[in-house]
Amino acid sequence: MLLLKYLECKRVVKTFDLDDCLAFIASRSAKIFAEALERRLRSYQVTRVQWIAMYYILKSGSITQRELAEKMCIKGPTVVPMLQKMEADGLMLRSGNDADKRVKRLRLTEKGVQLCNDLTPVAEKFKNDTIAGIDPEDLQVMKRVLNAMVGN
């Protein structure tokens with residue numbers, strides 16, 4: 001009986017090739033890209049996630065913790081320790097909302113704005129390095145396909 005179950009599982013594995021699954025390829029690629037960007041930002045004593053947070057805060061001018069978590073595709077409670085560290089490092093400020101004290105609005109300090117502006121060219125060079133030699137039309141197709149997959 002155990003041998004039959006093993007053989008059945010092996011048959012299923014033969015019909016499905018994880019290395020050919022676009023969702024798996026995209027996930028694995030995203031992890032590789034994240035680690036590579038993390039290495040480039042290390043010398044600035046900033047993590048990739050902190051830079052992404054600074055980018056969205058700066059881009060919006062002022063954003064709530066919930067909005068930031070949604071943009072970063074992370075859970076609200078996960079963003080809190082990162083924001084506490086960024087605030088302690090003098091990169092951003094949280095302020096209460098007069099209408100609802102539970103809602104915290106985020107904005108970068110001058111130091112945070114400067115650091116974000118310093119890191120943006122690093123991220124842009126990283127992006128350009130990753131797409132070097134790829135036809136711009138292919139990149140547009142890839143974006144459309146990935147967005148369609150996410151929509152599915």
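In this predicted model, R94 forms a salt bridge with E87, and the closest N and O atoms are 2.9 Å apart. A salt bridge here is a side-chain nitrogen of Lys or Arg within 4 Å of a carboxyl oxygen of Asp or Glu. R94 is partly exposed, with a relative accessible area of 24%. E87 is also partly exposed, at 28%. Buried means under 20% relative accessible area, exposed over 50%, and partly exposed in between (1.4 Å probe, protein chains only).

By this rule the count comes to six salt bridges. K85 pairs with D89, with the closest N and O atoms 2.8 Å apart. K85 has a relative accessible area of 44%, and D89 has 30%. R40 forms a salt bridge with D129, at 2.9 Å between the closest N and O atoms. This pair links distant parts of the chain: R40 lies in helix α2, D129 in helix α6, and 89 residues separate them. R40 is partly exposed at 32%, as is D129 at 36%. R40, K125 and D129 are linked in a network of salt bridges.

The chain holds seven helices and three strands. Helices (H or I, at least four residues) and strands (E, at least two) are DSSP runs, numbered from the N terminus. Along the sequence, the pattern reads α-α-α-β-α-α-β-β-α-α. Of the 152 residues in the chain, 22% are buried.

The largest pocket has a volume of about 1,800 Å³. Its lining counts 34 residues, and A30, F33, F126, K127 and L146 are the closest to its centre. Helix α7 gives the most to this lining, with nine residues. A pocket is an open set of points on a 1 Å grid over the protein atoms alone, with protein on both sides within 12 Å along at least five of seven lines; lining residues have an atom within 4 Å of a point. The volume is the space filled by probe spheres set on the points, which are joined across faces, edges and corners.

A search of the whole structure finds zero disulfides, a disulfide being a pair of cysteine sulfur atoms within 2.5 Å. C21 is partly exposed at 24%, whereas C116 is buried at 1%.

Residues are numbered from 1 along each chain as its sequence is written. Local features need pLDDT of at least 70, side-chain atom pairs count only at pLDDT 80 or more, totals for chains, interfaces and linings use all residues, and side-chain values use heavy atoms, with hydrogens and water left out.

Terms used
On a 1 Å grid over the protein atoms alone, a cavity is a set of points where a 1.4 Å probe fits but cannot get out, and a pocket is an open set with protein on both sides within 12 Å along at least five of seven lines; lining residues have an atom within 4 Å of a point.
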